[in-house]
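User: I'd like a close look at one part of this model rather than a tour of the whole thing. Here it is.

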Amino acid sequence: MSDLDRAIAQLRACRPIPEAEVRELCHKARELLIEEGNVVTVTAPVTICGDIHGQFHDLMELFRVGGDVPDTNYLFMGDFVDRGFYSLESFLLLLCLKVRYPDRMTLIRGNHESRQITTVYGFYDECLRKYGSANVWRYCCDVFDYLALGAIVLGASNTLSPSGDGEAQGSEEDIEIEVCNADGQIMSQFPRQPRGAGNSINRQPPRGRSPNGPTSNGVGPSGTAGGGAATGGAGGAVGLPTNTGPPGSGASGSSGGSIGNPAGAVLCVHGGLSPLIDMVDKIRLLDRKQEVPHEGAMCDLLWSDPDEIDGWGLSPRGAGFLFGADIVKVFNYKNDLSLIARAHQLVMEGFKEMFDTSIVTVWSAPNYCYRCGNVAALLELSEDEGGLGIFARSNGDVNRSDGGLIGGGSGVPGSGPRGVLMENDLASLKPGPARRYRVFQAAPQDSRGMPAKKPVADYFL
Amino acid sequence: MDPPPRQPAPSPSPFPRLEVLDRSAAHTFARPAKLINDGPDVAHFLTSKAYRDIGTFVMQLNRALCPRSKTQPTDSAGIESFTLGAGRERDPEPVARLRQLLQRVEAFVDEAPPDPGPRRFGNVSFRTWHTLLDQRADALLREFLPRRVLEFPSTSAGAIAAELRAGEEGGEEQGEAGPLDEVKAYFLGSFGSAQRLDYGTGHELSFLAFLGCLWKLGAFESEAADSERALEDVERSIVLGVMEPYLQVIRRLILTYTLEPAGSHGVWGLDDHSFLPYIFGSAQLTRPIGEGSGEAMPLEGSLPAAPRPADVAKADAAFDRLRRDNMYFSAVGFIRDVKTGPFWEHSPILFDVSGIRDGWGKINKGMVKMFNAEVLSKFPVVQHFRFGALFSWDQDPDAPAPAQSVHMANQPASAIATPPAAAPPPVAAAAGAAGIAAPWAQATRMPPGTGGGPGIPYSKAPWASRGVGGGAGGSSAVPPLPRGGPPDTGPLPPTSFPKGVPGKANNQFAVTKAPWAKD
């Protein structure tokens, strides 16, 4: 057993590792992270997670629900630390797993991965308390500076892989969204709805539809600049990919020219968009290896929120911006994205799709701050098996995919249970990658040991 | 017996009280203004008369709550302690009127029911509630404050007349300020932020100042209340008969409108919203001092038969009784009401305090120190405090030299990540303290070379290095242990909720706001 495996075992038991080991770990992690671009490319299948905030036992529950590392390929969208009791154990475990399984664990930076924020919201206090000095906090903050700012998920399928649960699932090819509980039981399924097809019940026009956005039903964008429709999805896949470069790169022919995105690419970022960033490539140009600035593109990516507004708005947080549906749709179109996945905001149901499913918020800290009563979610994107065959596969399932040729015509509008996705959202779904949300609750409390000692704060000496 | 004064004692009494203004001379009032706009302003605040007066008032009330022994040596039969609930009918009239005022204010909740629709954060109906408060504050204060406050002699000739022209709107902001202008500012600042939909220790501080204003204006004076014992009775009734009811109103507001903590250290803060009940509640349980003895507040020891500090961490029948008697347990009870999970995990600081073996006196002393460091000395909290004639921004002539703490002196602004690497774990010694000083000062700065960005407000916020006003017996240096008086930062919380959110009460807490945001 290597030192690293030992550290992982110790952290899984929720016991901090010695300061010297933290130092070494952080050093290794920096060496690894420095090689990553600002926008990491991740290939499906991948499980995307939102804020953790030091809720270690809930992180363990997340791994139980989503599968363990390295069996499951994870992407965490930041905010590992602050507020909770176990920021240290949570972050160090994730970091250990990153170092141990670098290709199965992607960590991007949240607004809390910052010196200034951690001094205000708890992580600094926690380190000082658990180690008696700020050294470990300092090591961790140095790692924060190297975390990527975003990730692009390629190769996501627009059909779901089996959920692993034996329940009758009907025709999976028709399912765009599936919501499972922590035991893998399907709570609800939402069939893919053809864009522009006859309106089903409750369908209403999407707000702020981008002029460039939706294309007609099933017609591929075929070589428009950037290579895809706003929510490229099924339409963009007709006839196999026309864009061959990684979406968001604006390039073609890189990466062997064979990465297609029948379901469009997914951009993962902690907060959201920035008025200074119209192309994903511009994120790649930032100098990220620094404390999160108070303004500017890097700040916005970590701080902004989508909102029901047109264009851009001032953020009530005092950092970043609010951005509306029009902004998201134009951005997705220009960057050949089908979806933006982000975190950063508490959602009572664990996830929330907005703006005709052009953006989703994923939240992974159940019963946030011990008092919010929310559930958490993770988002699974399946790998596309549509004949490109270049993606690593984590399961042997075949004959499930339609090769991206689904065309979106086989959905059954209005059928299926209505879970937390509201009708208005659902009614205007566009083909994107098929999405499985696994919703889970806070870990049981009885599994937690109680501290033997009550250290006395200096004020009370 | 008294703690040796480090400065030439400015006050003849070792236990000073807030000065009641002389009514024989007209007093000049001012509309309280926000004057703490930047980090260094906090340093000035810590040498201001307002800071002195806040400290004096807290310590004055604190000592009044300490149990009294009528016999020497102490035997339990002769001990009088002071609990919530009992004896409120004996409260002096001004106190009872203030309680009625609070009842009125609380009743606004019925006029501003929480918005049932999908909510993005703290319930927007709180803004309606606060608007009612704003609109009615003048009339309410006129109705419930003693005339001797409203008619306090003022140099502004028109002021009194203006005060008495109840109900005439609009003219007040122009003319010279009267006593009501001062008092009202603190009153209105006491009930959370309508803009940010949050509540924190800064608002609690404002209510304390509201009471302090009333004290200074003689609201609680009477012919009967001139003996030491009578004064102490009044002080106790202020805390148990006004402060606790105020906290109950606040708790109702927090629950009704899901008000957020105004900035939060997460689990590493003392409490998401409050501080003062931990001071006064621990005082209620401290070892008794002799009635009229002039004894200082004990720095350790408990009232005989007091609950053990460890009982705080237990949820049992005894706890339910204690929370009706004691402000500390009342506050912890509210935490238990709103939080689920192990107490030691969601409230580790209170849990640790529950392990203190030297009694409630020790806890009380620590809470006072912590209040000084985590509330009064923190920019995000005190930036909202307002200064007028009663709580004055003027320099306190007796204040120690500006508190250039070791934390400031030893830490160059650029030293973001370079406090002494070998600094030992927390020790009280100054040198060690420098090493482990919370990095607010430096860490809140942007790293060199990242270019502009607004100045970070509290980048230089000092840790006070003197005790809270008179007789605290506090140590000279506030230990830099990081604890959370919740910083009251940043504006509105955000978030979009899924449409059709189930009507769960606490569905929007703790949205992170930029600490550098000013408002």
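At what angle do helix α3 and helix α4 of chain B pack, and how far apart are their axes?

Analyst: Keep in mind that this is a predicted model. Helix α3 of chain B covers residues 93–111 and helix α4 of chain B covers residues 125–144; they pack at an angle of about 155°, with their axes 10 Å apart. Angles over 145 degrees count as roughly antiparallel, so that's what α3(B) and α4(B) are to each other. As for handedness, α3(B) passes α4(B) in a right-handed crossing.

Now for who touches whom. On the α3(B) side, the contact is made by R97(B), L98(B), Q100(B), L101(B), R104(B), V105(B), F108(B), V109(B) and E111(B). Facing them from α4(B) are W129(B), L132(B), L133(B), L140(B) and F144(B). Sort that contact by class and you get 10 nonpolar, 1 polar and 3 charged residues.

To put the pair in context, chain B has 19 helices and 7 strands. Of its 519 residues, 58% are buried. And if you take the contacts in chain B with a separation of 6 or more, 79% of them come from residues 24 or more positions apart.

There's a bit of sheet in chain B too: an open one of 3 strands, in the order β3-β2-β6, with mixed pairing. Its edge strands are β3 (79–80) and β6 (289–290), each pairing on one side only. Strand β2 (residues 68–69) of chain B runs parallel to β6(B), and 2 bridges join them.

Note on methods
Residues are numbered from 1 along each chain as its sequence is written. Chains are lettered from A and ligands numbered from 1 in the order in which they are written. This is a predicted model: local features need pLDDT of at least 70, side-chain atom pairs count only at pLDDT 80 or more; totals for chains, interfaces and linings use all residues. Axes are lines fitted to C-alpha atoms, for helices over the stretch in contact, and angles run from 0 to 180 degrees between N-to-C directions. Helices (H or I, at least four residues) and strands (E, at least two) are DSSP runs, numbered from the N terminus. Angles under 35 degrees count as roughly parallel, over 145 as roughly antiparallel, 65 to 115 as roughly perpendicular and the rest as oblique. A crossing is left-handed if the near helix is turned anticlockwise from the far one by less than a right angle, and right-handed if clockwise. Two residues are in contact if their C-beta atoms, placed from the backbone, lie within 7 Å. Ala, Val, Leu, Ile, Met, Phe, Trp, Tyr, Cys and Pro count as nonpolar, Asp, Glu, Lys and Arg as charged, and the others, Gly among them, as polar. Two strands pair if DSSP finds at least two bridges between them. A residue is buried if 20 or more other C-beta atoms lie within 10 Å of its own, exposed if 12 or fewer, and partly exposed in between; C-beta atoms are placed from the backbone.
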